[in-house]
Amino acid sequence: MFWSELESFQDNVAVIEGQHTLTYAELAGRCDELATQFDGGKKLVFVFVSNNSNGLVAYLTCLREGHVCMMLDPDLDNAKVEALLTAYQPNVIIRNLNVEKYANTKHTIDNKLALLLSTSGTTGSAKQVSLSYNNIQSNADAICDYLPIRKTDKTVSTLPLFYSYGLSVINSHLNRGAAILFTQYSMINREFWQLFESEQINSFAGVPHIYDMLLRIKFTELPLNTLRYFTQAGGRLAENKVRSLAEYALDTGKQFFVMYGQTEATARMSYLEPELVKIHPDSIGKAIPKGKFELLDSAGKQITKPGEVGEIIYVGPNAMLGYANSKEDLVHFHGDGSLATGDLGYFDKQGLHYIVGRKKRMIKLFGNRLNLDEVEQYFNRQGIEAASTGNDQKLVVAFINELDISSLKQKLSQYLNIHSSVIIAVSLSEFPLTANGKKDYAAILSQVGLSHD
Amino acid sequence: MNSAETLYQAFASSLDVDLSEINDDLAYNSFPKWDSTAHMILVAEIEAQFDIMLDTDDIIDMSSVAKAKEILSKYEVSF
């Protein structure tokens, strides 16, 4: 397991942060130091993790010492933190390496359990994806198999550590003995690109909204001589953008990897070979090493013909143990190594996979999954009727005869912690209905001039 | 509206804050609501309001309201 063998990379640089670096031996030493602040037994730990060496040390210490670590956004609002504290009663809370004792209860926890990650930073649900030690190690191994991560590489952390994709970048680099740069600057800052150049960064990871931004600022015109490859995952990126990025990569001798995954699969489930990206910009490629996809039709029967659409089932050692909603759910897991993704797709004659939609009512905004039914429930709890729909650019909420929809929109923006410009709120005299009397979400969407894509 | 008012208004709507919170000293690294998402919304808003196209260097240099004024003056917007 890479976290217990950090020392084996000795003097390799593990972390670069401002003027400071940490070698693997020093990183291991920092973890051992933090570990002295815990007393015996497997603990449940809340880690408020920032993208810096302190966040990394807290995470690795939990793994090394066998404590269960819930990775949390340090900016999570108080009400949501309180709800999680109540549901899980953690023994310890770590913020910026400050160790605070919390609940004194001895929890019964499945020995396999290592990590708890939320699938959505927004609705503040207590639901967590439960991942095992084996999940983390096997996914890091698979990623190191197909991505060209070298021992001498340096990457820059561009995604939060409490987000499975961001964490997978860290895990795979530590697994290889490579270096990670942490910076407080974002990709829209001049300083970020100066660091990129001076530190000679070899790769970065992006999600659709990051690539929208990068293409918008024409990052391809920046001198990125040391950049060897870059990856896209975390939602569907528009085909024309995938194609532009593939062309940029081809023109400059770099590699562009399009990947697919979910937190429920630790992070990664599939990737597309860089040389196929330009020809198949809409494909998610094939399953990662040691993993495989199956497709099930609506009757639960396995699909064997190319082109037929069914639910994508992933089978592999990185499929989660299960979900948890409270500490009681941590006692025992019986995950069977398979995962119903909730995504609908098909495969072609070459065995490349494609996603066509989702089974559940879900959209993705700024990389965050948003359950549309939860938005309706949020308003229903306040006695307000709402119909919520949208696409991966906009969230649409329709109300019935509400006068002050702009204040409802502001409240929702605060609750979900998303920019109000991506929310469209409308007031209707009644909801359009489908033939069988259900809310006609497609009609609501077209009323505000949007479509599903 | 004069140019300064238009610019302040663009900042207020992009950062999702009240107009009264906007002043020349407001800077990217000291205002949590000014994140990368808000920055891109801001860029689009400025381009629409002043009918210009900002280039890469200008977008990544626009780290404060004062700096935005300086950059806009290159595009013949006067304050």
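This is a predicted model: local features need pLDDT of at least 70, side-chain atom pairs count only at pLDDT 80 or more; totals for chains, interfaces and linings use all residues.
Chain A contains 11 helices and 25 strands. Its radius of gyration is 22 Å, close to the 22 Å that the globule rule gives for 453 residues, so chain A is as compact as a globular protein of that length. Along the principal axes, the C-alpha atoms of chain A occupy a box of roughly 65 × 60 × 50 Å. Of the 453 residues in chain A, 45% are buried. When contacts in chain A between residues at least 6 apart in sequence are considered, 64% connect residues at least 24 apart.

The largest nonpolar core comprises 128 residues, and the members that touch the most others are A:Val45, A:Val47, A:Val49, A:Tyr59, A:Cys69 and A:Met71. The greatest contribution to this core comes from helix 2 of chain A (residues 53–65), which supplies 7 residues. The surroundings of A:Val49 were examined individually. With neighbours within four places in sequence left aside, A:Val49 is in contact with A:Gly55, A:Ala58, A:Tyr59, A:Met71, A:Leu72, A:Pro74, A:Leu161 and A:Phe162.

Between the two chains, 13 residues of chain B are in contact with 16 residues of chain A. On the side of chain B that touches chain A, helix 2 (36–50) and helix 3 (56–61) of chain B each provide at least two residues. Helix 2 of chain B gives the most, with 6 residues. Classified by residue type, this side of chain B consists of 6 nonpolar, 5 polar and 2 charged residues.

Helix 4 of chain B (residues 65–74) has buried residues at B:Val65, B:Ala68 and B:Leu72. Viewed down the helix axis, the buried residues of helix 4 of chain B fall within an arc of 50°, and therefore line one face of the helix. On the face of helix 4 turned away from the buried side lie the exposed residues B:Ser73 and B:Lys74. After helix 4 of chain B comes B:Glu76, which has a positive phi, near 60°.

Methods
Residues are numbered from 1 along each chain as its sequence is written. Chains are lettered from A and ligands numbered from 1 in the order in which they are written. A nonpolar core is a set of buried Ala, Val, Leu, Ile, Met, Phe, Trp, Tyr and Cys residues joined through C-beta atoms within 7 Å. A residue is buried if 20 or more other C-beta atoms lie within 10 Å of its own, exposed if 12 or fewer, and partly exposed in between; C-beta atoms are placed from the backbone. Helices (H or I, at least four residues) and strands (E, at least two) are DSSP runs, numbered from the N terminus. Two residues are in contact if their C-beta atoms, placed from the backbone, lie within 7 Å. Ala, Val, Leu, Ile, Met, Phe, Trp, Tyr, Cys and Pro count as nonpolar, Asp, Glu, Lys and Arg as charged, and the others, Gly among them, as polar. The arc is that of the directions from the helix axis to the C-beta atoms. The radius of gyration is taken over C-alpha atoms; the globule rule is 2.2 Å times the number of residues to the power 0.38.
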